[in-house]
Amino acid sequence: MYIAPELLRRIVEGALLAANQPLSEDRLLSLIDAAERPQKSELRIALQQIAADCSGHGFELREVASGWRFQVSEDLAPWVNRLWEEKPQRYSRAALETLAIIAYRQPITRGDIEEIRGVAVSSQIIRSLTERGWTKVVGQRDVPGKPSLFATTRDFLDYFNLRSLDQLPPLADIRDIESVGQSLEESGGVTTAENTQPMAEGLSTEPESGVVREAEAEVDGEVDQAEK
C-alpha cells in the first residue's frame, strides 16, 4: 500500500528543509519504507505541487543537477543577502573569463585557455576555481606532455541553478567572454540550505567532439538517469 499523497508531500517538504544539500528523487524515495514507497511518477507530482504552492512566496522549490532544494526567490537576493555580514568572494576578471572559457569549451587544457584569452593563466586562478568546486581535471590530452583537461562540475551546475549542461544558453546569446564574467560577478540569489549565492543564468558549452560528451557524462549523467 502506497503512502498517502498528503503525507508524502509533508515528508518531502520536511526532508528538503532539513537537508543541507539538494536531494535527488531516489534519495527522497529511500526515506520511505519499501512497502509504502510510491512510484517515482507520484513523487514528481508531489514535487510539482509543492513547487506550485511556493508561487508568490519568498521561497521556491528548484531542481538543480544534484536534485531538489528550497531556496530564496532570486529577486529577493538584494535584501536577503544583507543577513550575512561577510561578503561573498569576488573573483577577478581573469578568473571569471577562465571559468567562462572552460564552461564553453570543456574539456579544455590550460594552454587552450591561454590561447583563447591571449595571455597566460596563473596557477592560482586554476587552483581557486578547483578549490571552489566549479572545475576539475577530467583527464589528459593524448599529446606530448599529457596536459590536464579541465571541465565544470556538478557543483557548478548547482550554483547556477541548472539541472544539466543542456540548460545553458547558446554561445550566440552571449556577447563576449567579458559580459559572461560580469554576469557571474553581479548575479544574486540565496539558497536557504547552504547560504550560497547561485544565479539563474549560466554559461553554454558547444561540444566540438565526442570527448566533450565523455567529460560531461560524470557531471550530468546521473541527472539524465534520474529523469528517465
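## Close-up views of a predicted model

**View 1. Helix α5 meets helix α6.** The axes of α5 (residues 93-105) and α6 (residues 110-117) come within 10 Å and cross at roughly 115°. α5 therefore counts as roughly perpendicular to α6 (angles of 65 to 115 degrees; under 35 is roughly parallel, over 145 roughly antiparallel, the rest oblique). The model is predicted: local features need pLDDT of at least 70, side-chain atom pairs count only at pLDDT 80 or more, and totals for chains, interfaces and linings use all residues. Residues are numbered from 1 along each chain as its sequence is written, and side-chain values use heavy atoms, leaving out hydrogens and water. Axes are lines fitted to C-alpha atoms, for helices over the stretch in contact, with angles from 0 to 180 degrees between N-to-C directions. Helices (H or I, at least four residues) and strands (E, at least two) are DSSP runs, numbered from the N terminus.

**View 2. The residues between α5 and α6.** The crossing of α5 past α6 is right-handed (the near helix is turned clockwise from the far one by less than a right angle; anticlockwise is left-handed). From α5 come Ala94, Glu97, Thr98, Ile101, Ile102 and Arg105; they meet Ile113, Ile116 and Arg117 of α6. Contact means heavy atoms within 4.5 Å. Five of the contact residues are nonpolar, one is polar and three are charged.

**View 3. Helix α1 crosses helix α3.** The axes of α1 (residues 5-18) and α3 (residues 40-53) come within 10 Å, crossing at roughly 70°. That makes α1 roughly perpendicular to α3. α1 passes α3 in a right-handed crossing. On the α1 side, the contact uses Leu8, Arg9, Val12, Glu13 and Leu16. On the α3 side are Glu42, Leu43, Ala46, Leu47, Gln49, Ile50 and Asp53. This contact holds seven nonpolar, one polar and four charged residues.

**View 4. Phe59 and Phe70, an aromatic pair.** The structure holds five aromatic pairs (Phe, Tyr or Trp rings, the six-membered one for Trp, with centres within 6.5 Å). The ring centres of Phe59 and Phe70 are 6.0 Å apart and the planes stand at 80°, so the pair is edge-to-face (over 60 degrees; under 30 is stacked, the rest tilted). Phe59 lies in strand β1 (residues 59-64) and Phe70 in strand β2 (residues 67-72), eleven residues apart. Phe59 is partly exposed at 38% relative accessibility, whereas Phe70 is buried at 7%. Buried means under 20% relative accessible area, exposed over 50%, partly exposed in between (1.4 Å probe, protein chains only).

**View 5. An aromatic cluster.** Trp134, Phe156, Tyr159 and Phe160 form one cluster.

Technical notes
Nonpolar A, V, L, I, M, F, W, Y, C, P; charged D, E, K, R; others polar.
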